[in-house]
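Biologist: I have not worked with this structure before. Could you walk me through it, one question at a time?

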Amino acid sequence: MATHQNELTKPRSPSYDLTGKRVVVVGGKTGIGLGIAQAAHAAGASVTVASRRSAHSADHPDLAPFEQIRLDIGDEEAVRGAFDAIGALDHLVVAAGPTDGSWGTFMDDDMRGVRSYANSKFLGSWACVRYATPRLPPDGSITFLTGGIAARPKVGMTSVTSTFAAVEALGRSLALELGPIRVNTIRPGFIDTDFWTILSEADAAAVREKVRARFPARRLGQPGDVGHAAVFLMTNPYVTGTVLDVTGGEHLVDWAF
Ligand SMILES: NC(=O)c1ccc[n+]([C@@H]2O[C@H](COP(=O)([O-])OP(=O)(O)OC[C@H]3O[C@@H](n4cnc5c(N)ncnc54)[C@H](OP(=O)(O)O)[C@@H]3O)[C@@H](O)[C@H]2O)c1
């Protein structure tokens, strides 16, 4: 009986360890992105967070463990400059996206809303990967962030649905083009962040109630739930070209916000 197993068949214990790795989370100073930055840091990574705001750690102790960079991903030259300054990294997560309702509707008088939304979310995600890729190692990874609306459109949010679907297609395409670097997308369901201040307090409370009552997980999603999934995608060496639902089962039930 063979006493040695070869490299291919040797069982490996799965590890979520990111010790010694550098993770960049674009859109990592708030909400879901911050949850991802915190999960990566807890797994041992050194983490850089990038977005437009400049947040002082004294006022935002949550950000103290991270290197901070100011970046507007809608500005290609700024993205190029930011990744020149960042240098080598192991894992990139692009969680940023406009959440201020400025995406417009299909029958608006002009196409400013969709142009600006797609420029930021789709072309901004594209630009981040374009300028990060030369600095990623072969065992590195890229993770995009979309949302359930990519698969289940909502009246009035055509630009968000279309842009998210384009980001997911970009992820699949880049998994082929950039392999062995792995490229995946996380598609969250309801996550309890400041995003929901887009609704009135009463409407937001009603949404939370519906989530608790109808989602199979029977609770509100938290940024850390997405953070956990992101660390999985960074560390699992054989997952690429996927869209991972982190929804508490939202995609299985009938609900609308
Ligand atoms: N919360 C949910 O239930 C949910 C569900 C599905 C999908 N999503 C999606 O998940 C993403 C994150 O949402 P969130 O809930 O975490 O809300 P959030 O806290 O408002 O996150 C949005 C982040 O994107 C950054 N950002 C926006 N425009 C940017 C730009 N041009 N350049 C660089 N950074 C930019 C913001 O930082 P600065 O303001 O500092 O630039 C902010 O950190 C969004 O795309 C959202 O549509 C959210």
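Biologist: Is T161 buried or exposed?
Modeller: This is a predicted model, so every answer here is computed from it. T161 has a relative accessibility of 10%. Buried means under 20%, so T161 counts as buried.

Biologist: Which residues does T161 touch, not counting residues up to four places away in sequence?
Modeller: T161 has its place in helix 4. Sequence neighbours up to four places away are left out. The residues that T161 touches are then I149, A150, P153 and K154.

Biologist: E168 is found in helix 4 too. Which side chain does E168 join in a polar contact?
Modeller: Helix 4 covers residues 158–178, and E168 is found there. With a relative accessible area of 5%, E168 is buried. E168 touches several residues beyond its sequence neighbours, including G147, A150, R187 and V243. The polar contact, at 2.6 Å, is with the side chain of T146.

Biologist: What joins G179 and P180?
Modeller: P180 is found in the loop between helix 4 and strand 6. Most peptide bonds are trans. Omega between G179 and P180 is about 15°. What joins G179 and P180 is a cis peptide bond.

Biologist: Let us step back. How many helices and strands are there in the protein?
Modeller: Read along the sequence, the pattern is β-α-β-β-α-β-α-β-α-β-α-α-β. The protein has six helices and seven strands.

Biologist: Why does the radius of gyration agree with a compact globule?
Modeller: The C-alpha trace spans about 70 × 45 × 40 Å along its principal axes. For 257 residues, a compact globule would have a radius of gyration near 18 Å. The value for the protein agrees with that, because it is 19 Å.

Biologist: What share of the residues is buried?
Modeller: The protein exposes about 13400 Å², and carbon and sulfur atoms supply 54% of that area. Among contacts between residues at least 6 apart in sequence, 71% join residues at least 24 apart. Of the 257 residues, the buried share is 46%.

Biologist: Take L92. What is its relative accessibility?
Modeller: L92 sits in strand 4, residues 91–94. Beyond its neighbours within four places in sequence, L92 is in contact with residues including V24, V26, F83, C128 and I142. L92 counts as buried, because its relative accessibility is 0%.

Biologist: How many Å separate the C-alpha atoms of L92 and V129?
Modeller: L92 and V129 are 37 residues apart along the chain. V129 is also one of the contacts of L92. Their C-alpha atoms are separated by 7.8 Å.

Biologist: Now the ligand. Which residues around it are the closest?
Modeller: The ligand is surrounded by 27 residues. Helix 1 (31–42) and helix 3 (112–132) each supply at least two residues of that shell. The closest residues are T30, S51, R52, R53 and T193.

Biologist: How do the residues of the shell divide into nonpolar, polar and charged?
Modeller: The shell is the set of residues around the ligand. Its division is 12 nonpolar, 11 polar and four charged.

Biologist: What share of the ligand does the protein bury?
Modeller: A backbone N or O atom of I73 lies 3.0 Å from a nitrogen atom of the ligand. A polar side-chain atom of T99 lies 2.7 Å from a ligand oxygen atom. Taken alone the ligand exposes 880 Å². Of that, the protein buries 93%.

Biologist: Which backbone oxygen does the side chain of K121 reach?
Modeller: K121 lies in helix 3 and is buried, with a relative accessible area of 3%. A polar side-chain atom of K121 lies 3.1 Å from an oxygen atom of the ligand. The side chain of K121 also reaches a backbone oxygen at 2.9 Å, that of L145.

Biologist: One last residue. What is phi of R218 near?
Modeller: R218 is found in the loop between helix 5 (201–214) and helix 6 (223–235). Most residues other than glycine have a negative phi. R218 is a residue other than glycine with a positive phi, near 55°.

Technical notes:
Residues are numbered from 1 along each chain as its sequence is written. This is a predicted model: local features need pLDDT of at least 70, side-chain atom pairs count only at pLDDT 80 or more; totals for chains, interfaces and linings use all residues. Side-chain values use heavy atoms; hydrogens and water are left out. A residue is near a molecule or strand if one of its heavy atoms lies within 4 Å of it. A polar contact is a pair of N or O atoms within 3.5 Å; within protein, one must be able to donate a hydrogen and the other to accept it, and residues adjacent in sequence count only if both atoms are side-chain atoms. Accessible areas come from the Shrake-Rupley method with a 1.4 Å probe; for residues, only the protein chains shown count as cover. Helices (H or I, at least four residues) and strands (E, at least two) are DSSP runs, numbered from the N terminus. Ala, Val, Leu, Ile, Met, Phe, Trp, Tyr, Cys and Pro count as nonpolar, Asp, Glu, Lys and Arg as charged, and the others, Gly among them, as polar. Buried means under 20% relative accessible area, exposed over 50%, partly exposed in between (1.4 Å probe, protein chains only). Contact means heavy atoms within 4.5 Å. The radius of gyration is taken over C-alpha atoms; the globule rule is 2.2 Å times the number of residues to the power 0.38.
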